[in-house]
Amino acid sequence: MKVLFISVNKLKSFRPVLPIGMVTIATQARAAGHDVRTLDLMWEEEDEDVVRAAVADFRPQVVGISIRNVDSQSMLEPVIYTPLAREVADWSRSELPGVTVLLGGPGFSTVPDDLMDFVQADYGITGFAEESMNPLLEHLARGEEPEGVPGVIYLRGDGTFHRRDPVFKIDYRKAARPDPALYDQRYFSYSYETHDRSLKVPATIQTKKGCVLECVFCSNFLVDGTGVKFDEVSRVADEVERLRDEGLEVLEIVDGVFNLPLNYSLEVLREFVRRGIEMPWSCMVNPGNVTPELVDLMVRTGCYYVEFGTDSACDRILRGLKKNFRQRQIIESHKMFEQAGIRVEHCLFIGSPGDDRDSVRETFDVMSELVPPGDHPEVHAFWTLGLRVCRGTSLHATALAEGMITGAERFIVPKYYVSRAVIDDDSMLDEIQERVLANDNWYLWWGLTSISLRERIKMARSEAERIEAELMAHLPPPRPAPVPLSLTMPRPRTAGEAR
């Protein structure tokens with residue numbers, strides 16, 4: 001079949017991100033004998049013209065739209081990215097009536113029903129498309145409904161969705177590495193500014209899928225399932241060597257958390273050392289699984305930057321979030337990386353379940369020690385007010401119980417949880433604003449110098465309501481399609497799994 005894959009991610013803030021998932025699937029589809037092209041809208045100014053031209057020239061049978069992010073995940077900066085997916089579908093059908101529209105990507109897997117309705121897609125794939133895309137294309141080529149394909153979703157004649165649970169398994173030996181030729185080559189000439197240097201867009205590699213944690217807000221189980229699926233250490237090293245030999249200057253390991261489980265990450269780094277692999281690279285780390293050996297190996301292989309999923313520095317809040325670390329480990333891990341010369345950035349929430357004046361102040365006090373104001377370009381703290389609520393998470397149940405959501409929401413526009421002890425306390429909001437603005441190495445929202453946090457919350461809520469009213473006009477009433485139990489609750493952890 002002729003398949004045109006289109007990435008609709010245009011987010012360049014911080015830095016552009018390679019569409020590794022889309023290119024991986026396109027590479028596999030081509031290897032299976034399909035005629036494949038890719039189109040990345042990251043760099044385009046006239047999206048409609050580019051999409052129409054690509055469809056008219058290639059005349060695909062299937063247009064696969066890759067949705068990396070549904071929205072900005074920021075209550076203070078509400079931006080919804082999925083209207084572009086709907087426009088791409090409309091432009092494609094206008095140019096080539098009858099073309100099949102297929103949705104996929106991690107963003108799609110988190111809100112599949114709503115996006116199927118909003119985009120008016122023919123089919124969607126949730127979960128691992130590495131295992132589902134080619135069987136789906138084979139069914140479509142034969143003119144058959146792909147009812148047995150794992151993770152497939154489509155509208156039946158009776159107005160309900162047919163869906164199959166994703167099968168979260170992957171045979172990495174059969175999963176082709178993404179062909180760099182299928183990336184838009186403008187990624188590799190683009191430079192972006194960090195706090196202290198100019199860098200190229202990094203090459204990306206994923207060593208594993210999934211996570212062993214059960215953080216109350218995380219929707220990763222919808223994207224990668226539960227548990228961890230490891231690639232072979234030798235294959236990971238082979239791919240890094242290939243990227244290095246092709247001349248790519250910077251690497252990012254895009255695992256949700258690189259150092260969980262710790263033993264596997266150590267094996268990967270030991271193999272890097274054995275092969276003499278050393279190039280600038282970065283990753284996200286868990287503060288609870290940092291050891292001197294890990295830091296030493298990261299330094300020896302060229303790691304220059306780590307992002308901590310810190311969330312809070314109050315033990316009471318960390319317990320409520322089901323984090324596997326406490327304040328002591330945040331401090332110890334930070335100091336190990338700092339002393340090793342690796343740049344550290346912390347990502348934290350304000351307004352988690354249980355957050356109040358005491359816990360917010362405690363977190364601010366700890367971060368003031370670790371990320372002080374002044375000339376400290378190697379450390380930063382990024383704060384987020386509220387946590388995005390996703391169906392099936394423990395946070396979703398908490399938001400329901402506290403009356404913050406009704407349970408009937410369409411999550412095409414996100415809903416946020418912010419503890420009432422924070423958001424309803426005007427003096428606390430003023431204190432948050434003062435403390436953030438007093439530290440030039442902290443960031444919450446760019447406009448706080450001219451607009452108060454209290455006023456911005458009101459404005460953002462109004463913006464979100466306006467956006468929701470516009471988008472809801474494109475959605476039919478909710479369909480009677482209950483989400484399978486396997487997608488609503490992570491399975492219990494077995495006794496032998498790491499915490």
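Reply: Helices, of at least four residues, and strands, of at least two, are DSSP runs numbered from the N terminus. The model is a predicted one.

Me: Where is Asn 441 placed?
Reply: Helix H16 covers 426–437 and strand E20 covers 442–443. Asn 441 lies in the loop between H16 and E20.

Me: Is Asn 441 buried or exposed?
Reply: The cut-off for buried is under 20% relative accessible area. Asn 441 has 6% relative accessibility, so Asn 441 counts as buried.

Me: Which backbone oxygen does the side chain of Asn 441 reach?
Reply: Beyond its neighbours within four places in sequence, Asn 441 has contacts that include Val 371, Pro 372, Pro 373 and Gly 374. The side chain of Asn 441 comes to 2.8 Å from one backbone oxygen, that of Pro 372.

Me: Which strands pair with E15, and in what sense?
Reply: Strand E14 (residues 281–285) is joined to E15 by 5 bridges, with Ser 282 opposite Tyr 305. Strand E16 (residues 343–350) pairs with E15 over 6 bridges, and there Gly 309 faces Cys 347.

Me: Why is E15 described as largely enclosed by the rest of the structure?
Reply: Strand E15 spans residues 303–311. The description holds because the buried residues number 8 of the 9.

Me: What is the span of helix H6 from its first C-alpha to its last?
Reply: H6 (residues 129–141) has 13 residues, and at 1.5 Å a residue 18 Å is expected. The model comes close to that, at 17 Å.

Key. Residues are numbered from 1 along each chain as its sequence is written. This is a predicted model: local features need pLDDT of at least 70, side-chain atom pairs count only at pLDDT 80 or more; totals for chains, interfaces and linings use all residues. Side-chain values use heavy atoms; hydrogens and water are left out. Buried means under 20% relative accessible area, exposed over 50%, partly exposed in between (1.4 Å probe, protein chains only). Two strands pair if DSSP finds at least two bridges between them. The expected span of a helix is 1.5 Å times one less than its number of residues. Contact means heavy atoms within 4.5 Å. A polar contact is a pair of N or O atoms within 3.5 Å; within protein, one must be able to donate a hydrogen and the other to accept it, and residues adjacent in sequence count only if both atoms are side-chain atoms.
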